[in-house]
Amino acid sequence: MNPPDLLARCLGYLPQLLDGAITTLWLSAIAVACGFFAGIFIYMMSASKSRTLATAARAYVSIFRGTPVLAQLLVFYYVPSGLGWAIPGVVAAAVGLSMNTAAYQSQILGTGFIAIPRGQIEAAQTFNLTRRQTLWHVEIPQVLALTLPALVSEMIDIVKASAVVSVIAVTDLMRVGQQLSSVSYRPLEVYTLAACFYLAITSLLSLAGRGIERRVARRA
Amino acid sequence: MSSLPILELRAVGKSYGANRVLKGIDLAVTRGEIVSLIGPSGSGKTTALRCMNFLEAYDEGEVWIKGQLLGYRSAGRSERDRDSEKSIAEVRRPVSMVFQQFNLWPHMTVLGNVAAPLVLSKKTSRADAHKQALAALTRVGLAEKADAYPTSLSGGQQQRVGIARALAIEPEVMLLDEPTSALDPELVEEVLSVIRSLAQDGMTMVMVTHEMSFAAKISDHVVFMEAGQIVEAGPPEQIFGNTRTPRLQQFLKPWFDRSLTSVTGVA
Amino acid sequence: MNSFLSLIPRFAEAILVTLEVSLLAAFIGALGGFVLNALRLRFPRWLAGSYRVYVWLVRGTPYLSQLVIVYFGLPVIGITMTAVQATIVSLAFYSAAYFAEIFRAGWASIPRGHMEAARAFGISRWAAFRSIEMPQAIAFAIPLLANQTILVIKESAVASIITVPELTMTASDIVASTYTYIAPYAMLIVCYWLLTQCIAIAARCAQAMIAPSRKTS
């Protein structure tokens, strides 16, 4: 193995891996954002007075947390096409990842919601804030501050979980790695480099998370 | 001044399951009147107060605010007969509340807390809301704390912010739920003096309190409750000075023993 | 419904493969994690650094990327394995990092005072460890260990990509050969869900038996 050659080859892989990394990143970002709002919705369902809604929410969380992401993505990709409705891989990936993280985020955000003293909600009620206003202006800001570390952790998990979207024809970081290694016949280099990209992303997220944690702790 | 009650309870009742917490409460509050609810713990006085702005849904009787029925559309009192959130908000608009635990929103500044009901509920513009909020804060003596966060304030200051928040929406009736019970003794007076000055300015108030001297001095009408019922009601001189109800005498005894001067003798 | 039930035999076999691979990997990983954690305290400084690098690498990258490095990348430097071997090795290597952290937290959770009290009453060190420290550590660790095993089972689905005949691969096979999509994938979800539920329930039972008074999270 010749170091200068190795370096040259790695530099050659970089542009495509970078493209793949960008796909991974925005797919993960979409999943995190959709999962956030869906997670709040599912939490509200689980806390609702209606037994049916609460049970449905618990079933949803149980299924999405109790089965592999890959299996979920295969369902979202192939079942619609089996019913005659072909969905592009990216859409199935975005939907699948979002629904998966929504299950986890509903649990994370739920701990935040429970921590808010009931009196603050009553005060909002007294001053005639609507349910939506209370949620948006009183509860969510505090829930976010309380659960940010856990949410960052979840974001990291989403980035890692997104690696399997390569299976449903999405050109993410992992898939680029597969393509490059089959073309170059150098799987060790290519896959290791791809792994480094993932490592960089998760490490940066980790650092950001710790930074945020420190800032929130100072404010409290 | 109209003698029609601005807030009225007629035979109001409330049960939690098999436990009947309120049994037929009648109360009429006229504009400018200060009403104090006193009584032992568990007497239902806080529940009665919370029925007045529908924080608790009463299940018997009627609560009227400025001639409008609060909380229900018609004669029925089940959940199905409840009014829409919008209608309930409309009817209780003239009423605001000060809480025992302050219930400020910790992620907003003091100014933000006071302005929020104006911006979100009364749809005031942000600029106007801030002006009105600042005015309310000045009224309670906390204008300089406008940009501070509630957690950096003392209990007495937080409660005064709570009062400012209740004031800013320009209510016609203020409900106060044991406003000083959660405060260290040395912080009680600053809150009482704000309440006193609001009373002097003519605010209509219904207050649940354990501060007997204060209630005796500022109330127009005092209501003694026990076990979900009004046992005796009348002017302070009667309740604190001249009652013949043994239960009330027993309840007030510790307070009498502690204060050496009679009610009517203090300026 | 018929087509659904007719899949059961093939899926039953696949469940066995999934379980074999996952449980073996989890067992090796747990053992490895345990040893790593026990040694960690006696590590010289530079070795402790490598442990942290190892944990960082394993937890900072997707399991899939680790699997393909082991299965496709290692042959380049002369290490070849079958798909099943590669799965078990990489899964064990992956989970050991998580198990090590679980054991680390478990050990740290035992209050010092308990051991001191035992010594004060003249109970020997080994007896104290066995009857006081160990049950508490185990009771603390069981839900986390069970959870990690569940995570290993879920990650094993990734092995379908290198054609290990586990659950996900089997489902995809059936789909490809029969052109039915709903039944096989529905069965797939059901199988995984049942597996993870069983492990969760088994863990709750085990915890109730070992430490009945301990609150479960």
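A: **The annotated domain and its surroundings**

Residues 7–252 of chain B have their end C-alpha atoms 27 Å apart, and this span is 36% helix and 25% strand. Helices here are DSSP runs of H or I with at least four residues, and strands are runs of E with at least two, numbered from the N terminus. UniProt, in an unreviewed entry, is the source of the feature "domain: ABC transporter" at these positions; such annotations use the numbering given here, have shortened names and may be inferred rather than shown by experiment.

A word on conventions before going further. Residues are numbered from 1 along each chain as its sequence is written, while chains are lettered from A and ligands numbered from 1 in the order in which they are written. The model is predicted, with local features needing pLDDT of at least 70 and side-chain atom pairs counting only at pLDDT 80 or more, whereas totals for chains, interfaces and linings use all residues.

Let's begin with a sheet in chain B. Four strands form an open, antiparallel sheet in the order E2-E1-E4-E5, where two strands pair if DSSP finds at least two bridges between them. At its edges are E2 (19–30) and E5 (68–69) of chain B, each pairing on one side only. E1 of chain B (residues 5–16) joins E2(B) through eight antiparallel bridges, and B:Pro5 stands opposite B:Thr30 of E2(B).

Now for the neighbours. Chain A brings 16 residues into contact with 17 residues of chain B, a contact being two C-beta atoms, placed from the backbone, within 7 Å. On chain A's side, the elements giving two or more residues are helix H5 (118–126) and helix H6 (131–161) of chain A. That side has six nonpolar, nine polar and one charged residues; nonpolar covers Ala, Val, Leu, Ile, Met, Phe, Trp, Tyr, Cys and Pro, charged covers Asp, Glu, Lys and Arg, and the others, Gly among them, are polar.

Chains B and C do not touch, and their nearest C-alpha atoms are 29 Å apart. Two pairs of chains touch, and the pair with the most contacts is A and C. Chain A itself has eight helices and zero strands, and 45% of its 220 residues count as buried. Buried means 20 or more other C-beta atoms within 10 Å of a residue's own, exposed means 12 or fewer, and partly exposed lies in between, with C-beta atoms placed from the backbone.

The largest nonpolar core has 114 residues, with A:Leu73 and A:Val164 making the most contacts inside it. Such a core is a set of buried Ala, Val, Leu, Ile, Met, Phe, Trp, Tyr and Cys residues joined through C-beta atoms within 7 Å. Leaving out residues up to four places away in sequence, A:Val164 touches A:Val69, A:Leu70, A:Leu73, C:Leu64 and C:Val158. A second, separate core of 82 residues includes A:Val138, B:Leu7, B:Leu111 and B:Met174.

Finally, C:Phe72 sits in helix H4 of chain C (residues 63–73), and it counts as buried because 20 C-beta neighbours lie inside 10 Å. Beyond its neighbours within four places in sequence, C:Phe72 is in contact with A:Ser181, A:Pro187 and A:Tyr191. A:Ser181 is among the buried residues of H7(A).
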